[in-house]
Amino acid sequence: MNTVAILISAFLLSVFALGAFIWSMRKGLFDTSPAAARVIFADEEAGHPEDPASARHGIVDRSREEADRSSAPVVFLFICCAMVWLLVASVAGLTASIKLHEPDLLASVPWLSFGRIRTIHLNAVAYGWAPMAGLGIAIFLLPRLLKTELMGGRWAVLGAALWNAGLIAGIGSIAAGISDGLEWLEIPWQVDILFVIGGAFVGFPLVLTLVNRKVDHLYVSVWYMGCALFWFPVLFLVANIPGLHFGVEQATMNWWFGHNVLGLFYTPLALASIYYFLPKIIGQPVRSYGLSLLGFWALAFFYGQVGGHHLVGGPVPGWLITLSIVQSMMMLIPVIAFSINQHQTLRGHFRQLIESPTLRFVTFGGMMYTLSSIQGSFEALRAVNRVTHFTHYTVAHAHLGLYAFVSFAFFGAIYFIVPRISGREWPYRWMIYCHFWLAAGGIGVYFLSLTIGGWLQGMAMLDAARPFMDSVQVTIPYLKARSVGGTMMLAGHLFLVANFVCAIFGLGPNRDRPALFHQGSKPEQGVGT
Amino acid sequence: MNNESALLAGGMTMLAIATSALVVIPYLQLHDVKPTPGLKPYTTAELRGRGVYIANGCIYCHSQQPRDSSFAPDAKRGWGRAAVAGDYYYDSPHLLGTMRTGPDLMNIGVRQPSADWHLGHLYQPRAYVSGSIMPSYPYLFDAKDAPDAGEKAITLPPGYAPVGKVIVPTAAALDLVAYLQSLNRTGPVLPPIDGAAAR
């Protein structure tokens with residue numbers, strides 16, 4: 001890679017991009033008319049807030065009812081799986097966290113040793129909770145957004161069965177010490193075949209639904225979900241081909257995969273949820289369609305190239321690191337575009353944050369997207385990375401992204417979807433309340449403690465005059481605080497799952513209106529048990 | 001936007017660019033890298049030990065990539081010179097790691113050549129390093145009344161073995177220690193041929 005080759009390739013790429021831009025403008029692909037932002041509303045519906053309640057209020061939209069009816073059983077299955085994996089992942093994560101400050105606890109059980117239980121936690125989140133919830137939400141949203149029924153939902157059921165079988169086998173393998181050895185790619189490639197087939201079966205009905213759409217405009221959420229469903233299989237296949245990758249190249253591939261699973265799979269699925277539920281609940285279309293477009297294409301271009309920042313200072317080609325750092329900073333563009341758009345849309349409707357659980361979770365998630373992305377951009381800079389690389393600071397950042405952003409967006413979506421597919425409102429408002437505050441408080445404690453502890457750890461490691469053990473000892477109180485935060489998060493999840501179980505088994509009070517946090521001065525209309 | 005084909009074509013082009021930059025070009029650029037002089041292939045026992053290292057997730061706390069002394073004081077900590085691509089010639093899968101909850105292990109075989117130390121430290125890290133938070137690995141050892149023929153009990157600091165028992169390493173523990181002892185990338189880094197240093 002000499003300088004001339006880089007310049008020539010940059011020039012050719014620019015000319016190509018300019019050509020693609022001119023072509024897309026001529027074809028009207030970047031139609032910035034606000035009409036496309038109104039796709040999510042029925043004819044007269046804009047201006048009417050929607051929050052779930054099995055009893056309908058306001059506008060009746062037949063196509064939406066049919067869409068919900070067609071997807072309900074499949075979505076229900078995905079959400080049930082997501083709940084199970086959420087609990088598995090939380091318990092495994094908390095165990096790993098405690099083991100870092102109590103290293104001799106349960107040390108004689110191999111599958112509970114830190115290196116394995118931590119990996120079980122990661123895989124249960126990465127291939128269990130996040131994709132099950134994210135795909136379930138996509139299966140719910142796509143028929144609604146395309147004003148059609150879900151086509152071939154049975155394939156998705158089969159796909160989910162294979163996927164979960166693969167995940168159980170994969171986590172069992174890791175517990176038994178059988179691993180491919182790459183972070184994020186531990187599950188043996190033989191087991192990965194189940195994910196590939198299962199994933200294809202899940203994707204098939206969504207593609208079928210997409211090509212049978214009955215709307216002209218593709219809504220913002222469809223761009224994110226549509227591309228994510230095609231991006232992930234490529235990432236997963238390329239990363240898991242046995243025998244292809246070697247040495248340092250395998251390390252660059254490893255972080256190309258590791259960061260793109262976040263950036264090109266979970267992030268678009270979570271953003272799709274926010275772009276749908278936020279305007280839907282306040283009854284206002286997204287403020288700027290142009291900003292949505294900018295945000296989407298900038299994310300699609302920049303996010304894919306940031307993975308190299310995980311190898312800053314490592315034995316990989318220097319140009320690759322520099323490229324990834326530059327593109328990490330460029331990620332500020334889509335993030336700020338999204339943030340402005342979200343804020344503008346929500347302006348004048350902040351009151352509803354007090355009332356609507358979905359809106360509160362989703363908005364919190366959106367804000368944390370901004371925060372974690374901006375933090376991530378600066379963390380990629382060499383001056384910052386020098387301190388934070390190899391420390392718990394990175395772990396804190398990862399949880400800000402995957403938990404405070406992605407998981408909160410999914411929680412919010414689940415609070416909207418479950419009443420729609422089960423025909424029954426959430427029975428206990430106080431459980432939603434506990435879930436929100438325990439999860440938000442828990443991640444707050446988690447993030448602050450590990451951020452401070454990680455930074456101190458990094459500073460101790462950079463000071464050659466201090467022994468290495470200083471960098472370990474300085475983190476201990478913060479690791480303990482992290483376990484407290486993790487316990488709060490687990491407790492929050494228990495409230496979510498308990499409420500969900502009550503909802504689907506018909507326990508608890510029946511409500512005939514949305515389970516909002518505050519029901520105003522009107523008397524409670526829910527019927528007692 | 002109202003054309004799903006254009007959307008997906010655009011999205012996949014973006015991914016193709018990213019894949020070229022982060023996977024394909026490194027593949028081409030690094031394909032002909034030769035092992036650093038003096039680097040030897042792992043023996044069978046060392047490879048088995050590497051498997052134990054992977055199975056127990058050592059990588060989640062230990063990196064294997066000392067950084068350049070102009071960037072971080074890794075060399076001053078005795079972790080070795082900055083790693084180069086040729087150091088990983090025989091490594092599959094790579095074990096570069098992303099955390100330093102414990103120290104870098106790229107040259108642990110040079111820094112700590114004693115098998116006795118490694119075995120005892122794996123059995124109970126806190127017997128050797130006070131304040132260590134490394135897990136102990138009792139399941140890689142057997143507690144017996146006396147070692148069988150051909151076995152050798154490990155020597156532990158007083159008070160760490162169960163009363164009246166001796167601690168005998170399993171084959172997995174011996175392999176793991178063989179692997180750790182083999183970790184040595186202190187060989188000289190030769191400048192690349194044809195003046196490619198400018199790359």
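## Two chains in contact: questions on a predicted model

Trainee: How many residues does the contact take from chain A and how many from chain B?
Mentor: This is a predicted model, and every value discussed here is computed from it. In the contact between the two chains, the residues are counted on each side separately, and the count is 97 residues from chain A and 71 residues from chain B.

Trainee: What is the distance between the closest N and O atoms in the salt bridge of Glu4(B) with Arg213(A)?
Mentor: The count of salt bridges between chain A and chain B is two. A salt bridge requires a side-chain nitrogen of Lys or Arg within 4 Å of a carboxyl oxygen of Asp or Glu. Glu4(B) and Arg213(A) form such a bridge, with their closest N and O atoms separated by 2.5 Å.

Trainee: Which helix gives the most residues to the side of chain A that touches chain B?
Mentor: Across the interface of chain A and chain B there are 20 residue pairs in polar contact, with both residues at pLDDT 80 or more. On the side of chain A that touches chain B, the most residues, twelve, come from one helix of chain A, which is H7 (residues 247-282).

Trainee: How many of the residues on that side of chain A are nonpolar, polar and charged?
Mentor: The side of chain A that touches chain B can be sorted by residue class. Sorted in this way, it has 14 charged, 28 polar and 55 nonpolar residues.

Trainee: Why is helix H8 of chain A said to be largely enclosed by the rest of the structure?
Mentor: What covers the buried residues of H8(A) includes H6, H7, H9, H10 and H12 of chain A, together with helix H1 of chain B. Among those buried residues are Tyr289(A), Trp297(A) and Phe302(A). H8(A) is largely enclosed because, of its 14 residues, the number buried is ten.

Trainee: How far apart are the end C-alpha atoms of helix H8 of chain A?
Mentor: At the start of H8(A), a side-chain oxygen of Ser288(A) comes to within 3.5 Å of the backbone nitrogen of Gly290(A). With 14 residues at 1.5 Å a residue, the helix should span 20 Å, and this agrees with the separation of its end C-alpha atoms, 20 Å.

Trainee: Is Met368(A) buried or exposed?
Mentor: Met368(A) lies in helix H12 of chain A. Not counting residues up to four places away in sequence, Met368(A) touches Leu400(A), Ala404(A) and Phe405(A). A residue counts as buried when its relative accessible area is under 20%, and because Met368(A) has 13% relative accessibility, it is buried.

Trainee: With which residues is Ala127(B) in contact, leaving aside its neighbours within four places in sequence?
Mentor: Ala127(B) sits in the loop between helix H4 and strand E1 of chain B, and at 17% relative accessibility Ala127(B) counts as buried. Once its neighbours within four places in sequence are left aside, Ala127(B) is in contact with Pro157(B) and Tyr160(B).

Conventions:
Residues are numbered from 1 along each chain as its sequence is written. Chains are lettered from A and ligands numbered from 1 in the order in which they are written. This is a predicted model: local features need pLDDT of at least 70, side-chain atom pairs count only at pLDDT 80 or more; totals for chains, interfaces and linings use all residues. Side-chain values use heavy atoms; hydrogens and water are left out. Contact means heavy atoms within 4.5 Å. A polar contact is a pair of N or O atoms within 3.5 Å; within protein, one must be able to donate a hydrogen and the other to accept it, and residues adjacent in sequence count only if both atoms are side-chain atoms. Helices (H or I, at least four residues) and strands (E, at least two) are DSSP runs, numbered from the N terminus. Ala, Val, Leu, Ile, Met, Phe, Trp, Tyr, Cys and Pro count as nonpolar, Asp, Glu, Lys and Arg as charged, and the others, Gly among them, as polar. Buried means under 20% relative accessible area, exposed over 50%, partly exposed in between (1.4 Å probe, protein chains only). The expected span of a helix is 1.5 Å times one less than its number of residues.
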